[in-house]
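The following paragraphs lead through the model shown here, from its overall make-up to a few individual residues.

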Amino acid sequence: MRPAILALSLLLLATGCGQRGALYLRENPPPGVKPPKPEVYTPLPYPKEAGEDESAGGAKK
């Protein structure tokens with residue numbers, strides 16, 4: 001039983017949990033690999049608030 005458990009655990013370690021290909025850092029990819037560029041951040045404008053022109057107390061002028 002012990003050799004079967006050892007063989008199974010070694011098999012799972014060898015598969016790398018489904019990782020395909022070599023691991024590398026985005027800043028230093030291997031030759032021939034061009035990593036995809038991340039999406040450019042575009043800030044959202046502030047929404048216009050409905051009550052800016054009215055007074056805070058609700059009193060009309």
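The secondary structure of the protein amounts to one helix and zero strands, where helices (H or I, at least four residues) and strands (E, at least two) are DSSP runs numbered from the N terminus. This is a predicted model, in which local features need pLDDT of at least 70 and side-chain atom pairs count only at pLDDT 80 or more, while totals for chains, interfaces and linings use all residues. Residues are numbered from 1 along each chain as its sequence is written, and side-chain values use heavy atoms, with hydrogens and water left out.

Of the 61 residues in the protein, 0% are buried, that is, under 20% relative accessible area with a 1.4 Å probe and protein chains only, whereas exposed means over 50% and partly exposed lies in between. The accessible surface of the protein comes to about 7000 Å², and 62% of it belongs to carbon and sulfur atoms; such areas come from the Shrake-Rupley method with a 1.4 Å probe, and for residues only the protein chains shown count as cover.

Helix α1 spans residues 2–15 and contains leucine 6. Leucine 25, by contrast, is placed in the segment after α1 and is exposed, with a relative accessible area of 60%. Between leucine 25 and proline 35, which are 10 residues apart in sequence, the C-alpha to C-alpha distance is 9.9 Å.
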